[in-house]
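Welcome! Please take a moment to look over the sequence and the structure shown here, and then let us walk through them together.

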Amino acid sequence: MARHSALHALLILQVFILHVSALNGNALLLRRAESNLTRQNHNDSTVDFLDLEERLVSEASGPACQAEPDSSTRVILRVVVPNNHGSTAMEATLMSSTNLATLCASNVWQCEGHKLLEQLGHGTVMEELDTSLWLKTFSKHWNLEKPVLLDKKTKWMSLAINEDRPLVEATPPQAMQSMGIRSLQTAYVIMYKPICLWSLSHFVVDHIKNKPRVHARRELDELEEQVQLHKYLRSEGRPVVVVNYADLVWNSDFTKKRLESFLPCLGSLDMDYVPKLGVDVFPGNNMKVSTGVKTYGQQSDPIDCCNYQLPEPELRMKGRCMRDDEWPNEGVSFRGGLDQFLDKERQRRLAKATHYLDRFSQV
């Protein structure tokens, strides 16, 4: 018990420092935090985050819900994806389920909860952490008859740790209680994008041309935030699944199977679903989705666009960003990954975070 408590406290402290570092650009603080927190003694016991990784891999998260969910409980599905990293593609895919409620009816940009709070004048960090405030607000726009309520989190990802326990322990707002809802549970989809897939976002392409080093460091910060969030959720026993954006696009059948197994209460998913205007999405959402992810993947070659090698299970090879000397196309700006714009220490951290997420994206 003491070991678990120490681990829990260390993970929360590490994520807080990661978040502050991302906001302030204080990379030195982050490096010191990693060095200090990798091993700590508590009652002569050593907390080793590598040991934690091995244990968590061997304990893959089970289903987050049942195929026939309890009518008095709602699953709040938190999709944790940085901006411009495929969150719209993931949400559009999940919309193919008739058991999912989104915030799109609020007519807010990209159906995102934090944008809804900002629109209503509640956009500060403290208000983002006020679980009762945003539950009450979101309940006005979710279809509460649905068993799964989607909250797409693209901003302040590390704050999800602080929000998790209050959310699980929260008393449902009056709007939910009037529907017979007595309890809430959480489930998480953490989706990351391999660092060589930057060319799939027009915004990122423009940003890289102007500030490649700044963007590369931001990518690293976001990956590390996702790693720490995952460690925390597993240490708390929360259901969570990690998805590689490359698998969503180019290995969609594999991703479909994983998502359906993780969330049986969603039923069957259509990996080529295109949200319908006036039904799933509305003009103010500005969600311009013209093709499903499966078709999109068929139209884009992963090596030509991104220097990304797809998995080859028969050779026991996982998907990966190829090295610069493996890049087959000359004349492509920045060629492959953004790691070339990081110093050696940050490259080491990038490899560590990517390795961690890669492993969990296959279980």
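Predicted model: local features only at pLDDT ≥ 70, side-chain atom pairs only at ≥ 80, totals over all residues.

## A guided walk through the model

Asp-253 is partly exposed, with a relative accessible area of 49%; here buried means under 20% relative accessible area, exposed over 50%, and partly exposed in between, using a 1.4 Å probe and protein chains only. Residues are numbered from 1 along each chain as its sequence is written, and side-chain values use heavy atoms, with hydrogens and water left out.

Asp-253 forms a salt bridge with Lys-294, and their closest N and O atoms are 3.2 Å apart. A salt bridge is a side-chain nitrogen of Lys or Arg within 4 Å of a carboxyl oxygen of Asp or Glu. This pair links distant parts of the chain, with Asp-253 in helix H13 (residues 252-262) and Lys-294 in helix H14 (residues 293-299), 41 residues apart. Lys-294 is also partly exposed, at a relative accessible area of 30%.

The structure holds 13 salt bridges. Another one joins the side chains of Arg-78 and Asp-151, at 2.8 Å from N to O. Arg-78 lies in strand E3 (residues 73-80) and Asp-151 in strand E5 (residues 148-153), so their pairing ties together parts that are 73 residues apart in sequence. Are these two residues buried or exposed? Both Arg-78 and Asp-151 are buried. They also belong to a network of salt bridges that links Arg-78, Asp-151, Lys-153 and Glu-163.

Let us turn to a pair within one helix. Arg-348 forms a salt bridge with Glu-345, with 2.8 Å between the closest N and O atoms. Because they are three residues apart in helix H16 (residues 344-360), about one helical turn separates Arg-348 and Glu-345. Arg-348 is partly exposed at 41% relative accessible area, and Glu-345 counts as partly exposed at 30%.

Now step back to the whole chain. It has 16 helices and nine strands; these are DSSP runs numbered from the N terminus, with helices (H or I) of at least four residues and strands (E) of at least two. Of the 363 residues in the protein chain, 52% are buried. Among contacts (heavy atoms within 4.5 Å) with a separation of 6 or more, 74% are between residues 24 or more positions apart.

Pro-302 lies in helix H15 (residues 302-306) and is buried, with a relative accessible area of 9%. Leaving out residues up to four places away in sequence, Pro-302 touches Trp-250, Asn-307, Tyr-308 and Leu-310. Pro-302 and Trp-250 are 52 residues apart in sequence, and their C-alpha atoms are 7.8 Å apart in space.

Our last stop is the largest pocket, with a volume of about 950 Å³. A pocket is an open set of points on a 1 Å grid over the protein atoms alone, where a 1.4 Å probe fits, with protein on both sides within 12 Å along at least five of seven lines; lining residues have an atom within 4 Å of a point. The volume is the space filled by probe spheres set on the points, which are joined across faces, edges and corners. Of the 34 lining residues, the closest to the centre are Gly-86, Thr-88, Ala-89, Leu-200 and Lys-288. Helix H4 (87-94) supplies the largest share of the lining, five residues.
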